[in-house]
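Me: Could you take a close look at one part of this model for me and link it to what surrounds it? Start wherever you like, but keep it connected.

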Amino acid sequence: MNIIFIGMPGVGKSTIARGLAKSLGRKFIDCDRFIKKFSGRSIDQLFKIGEDVFRDNETLALREVACNKDIVIATGGGVVERNENRDIIKDAFIIYLYRPIEELNEIVIGQSRPLLRDNKESALVALYERRHKKYLDWADYVIEVEDSLFITQMKIKEELKRRRIVK
């Protein structure tokens, strides 16, 4: 069974997913990097063409990577913006990495994120308000990210063992 991470930008999806995959001996795929490879364009370039263009590429990438078995996938924060994406990953174990909005704001303030270019704080709050319920609805497991990403990763691994998803 695939393990898929969802959550807000800057929450640590790629870092935690990569570490978990390594500790489980599984392949790791970062959807945003996969999009860059197969589209030949950066995320910023795709967003400049249009958010719909990026979302189309995101759905295609998700469809492609979800065909693999027993891998760990980090999605982009906006994967929940399209309901068809939920159908693509419905057979996976979906983990929602959560952080309070105040912590996320501190993390993303210095980062370049396509949907957070102008007035980052209010843009982040708007994204959170639009996506949080969807993340909760899609998730099989919700965990608040600790200051130590390693501790968060270990808690996830224990939950996966408890649910007999991994040995």
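Reply: R164 is exposed, at 77% relative accessible area. The cut-offs here: buried is under 20% relative accessible area, exposed is over 50%, and partly exposed is in between, with a 1.4 Å probe and protein chains only. Before going on, note that this is a predicted model, in which local features need pLDDT of at least 70 and side-chain atom pairs count only at pLDDT 80 or more, while totals for chains, interfaces and linings use all residues. Residues are numbered from 1 along each chain as its sequence is written, and side-chain values use heavy atoms, with hydrogens and water left out.

R164 sits in the segment after helix 8 (149-162); helices (H or I, at least four residues) and strands (E, at least two) are DSSP runs, numbered from the N terminus. Its phi is near 60°, positive although the residue is not a glycine. Most residues other than glycine have a negative phi. D70 has a positive phi too, near 55°, and is likewise not a glycine. You'll find D70 in the loop between helix 4 (51-65) and strand 3, partly exposed at 37% relative accessible area.

At the start of helix 2, a side-chain oxygen of D30 comes to within 2.9 Å of the backbone nitrogen of D32. Just after helix 2, G40 takes a positive phi of about 75°.

C31 is buried, at 3% relative accessible area. There are 0 disulfides in the structure, a disulfide being a pair of cysteine sulfur atoms within 2.5 Å. For C31, the nearest cysteine sulfur is that of C67, 12 Å away. C67 itself counts as exposed, at 57% relative accessibility.

F54 is buried at 3% relative accessible area. F54 and I35 are 19 residues apart in sequence but 8.7 Å apart in space, C-alpha to C-alpha. Both are in a second, separate core of 6 residues, which also includes F47 and A61. A nonpolar core is a set of buried Ala, Val, Leu, Ile, Met, Phe, Trp, Tyr and Cys residues joined through side-chain atoms within 4.5 Å.

The largest core has 44 residues, and those with the most contacts inside it are I3, F5, I6, I95, L97 and I156. Past its neighbours within four places in sequence, I6 has contacts that include T75, V79, I95, L97 and W138.

W138 is also touched by R82, along with D52, R55, D56 and T59, again not counting residues up to four places away in sequence. R82 lies in the loop between strand 3 and helix 5 (83-88), yet it is buried, at 18% relative accessible area. Its side chain has a 2.7 Å polar contact with that of D56; such a contact is a pair of N or O atoms within 3.5 Å, where within protein one must be able to donate a hydrogen and the other to accept it, and residues adjacent in sequence count only if both atoms are side-chain atoms.

Strand 4 (residues 93-98) pairs with strand 5 in the parallel sense over 4 bridges, and L97 has I143 as its bridge partner in strand 5. I143 is on the covered face of strand 5 with Y141, while V142 and E144 make up the uncovered one.

How values were computed. Contact = heavy atoms within 4.5 Å. Pairing = 2+ DSSP bridges.
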